[in-house]
Amino acid sequence: FSSNHTLKQICEDEEDLPRDLLCLLQLNRNNTIPGAARQKILEYHFLNDGINVEALIGMELEILPHAISWIGRDDTGFQLLYRLSQSMPSLFESNKK
């Protein structure tokens with residue numbers, strides 16, 4: 001879990017490194033380990049190619065509210081949560097009458 005998020009530098013001269021690798025290193029430098037992990041998860045599952053609801057489908061119902069809360073924890077996640085509610089309104093509907 002943590003090794004992917006603790007690496008902050010590969011070499012002295014990072015000029016020739018691929019752009020995506022530089023972005024990941026920058027994420028690690030600018031965040032705590034849990035913050036870097038969270039940002040990478042959000043980008044991979046929800047930000048790059050739109051919302052990937054596959055990450056939530058099949059999740060245990062007891063865990064789903066915590067996962068949704070975790071997504072909406074900050075400004076980036078809040079915007080994502082709004083897009084998620086637009087793409088899957090059934091997640092936010094109540095069956096109580």
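Which residues in helix 2 meet which residues in helix 3? In this predicted model, local features need pLDDT of at least 70 and side-chain atom pairs count only at pLDDT 80 or more, whereas totals for chains, interfaces and linings use all residues. Residues are numbered from 1 along each chain as its sequence is written, and side-chain values use heavy atoms, with hydrogens and water left out.

Leu 24, Leu 27 and Asn 28 of helix 2 meet Ala 36, Gln 39, Lys 40 and Glu 43 of helix 3, contact being defined as heavy atoms within 4.5 Å. Helices (H or I, at least four residues) and strands (E, at least two) are DSSP runs, numbered from the N terminus. The contact of helix 2 with helix 3 comprises 3 nonpolar, 2 polar and 2 charged residues; Ala, Val, Leu, Ile, Met, Phe, Trp, Tyr, Cys and Pro count as nonpolar, Asp, Glu, Lys and Arg as charged, and the others, Gly among them, as polar. The axes of helix 2 and helix 3 lie 8 Å apart, and the two helices pack at an angle of about 140°. Helix 2 is therefore oblique to helix 3. Axes are lines fitted to C-alpha atoms, for helices over the stretch in contact, and angles run from 0 to 180 degrees between N-to-C directions. Angles under 35 degrees count as roughly parallel, over 145 as roughly antiparallel, 65 to 115 as roughly perpendicular and the rest as oblique.

The loop between helix 2 (19-30) and helix 3 contains Asn 31. With its neighbours within four places in sequence left aside, Asn 31 is in contact with Lys 8 and Ala 36. Asn 31 is also 9.7 Å from Thr 6, C-alpha to C-alpha, at a sequence separation of 25 residues.

Helix 3 (residues 33-47) and helix 5 (residues 75-87) have axes that come within 12 Å and cross at roughly 25°, so the two helices are roughly parallel to each other. Arg 38, Gln 39, Phe 46 and Leu 47 of helix 3 meet Thr 76, Gly 77, Leu 80 and Arg 83 of helix 5. By class, this contact has 3 nonpolar, 3 polar and 2 charged residues.

A search of the whole structure finds 0 disulfides (pairs of cysteine sulfur atoms within 2.5 Å). The sulfur of Cys 11 is 15 Å from the closest cysteine sulfur, that of Cys 23, and is therefore too far away for a bond. Cys 11 is partly exposed at 29% relative accessible area, and Cys 23 is partly exposed at 38%; buried means under 20%, exposed over 50%, and partly exposed in between (1.4 Å probe, protein chains only).
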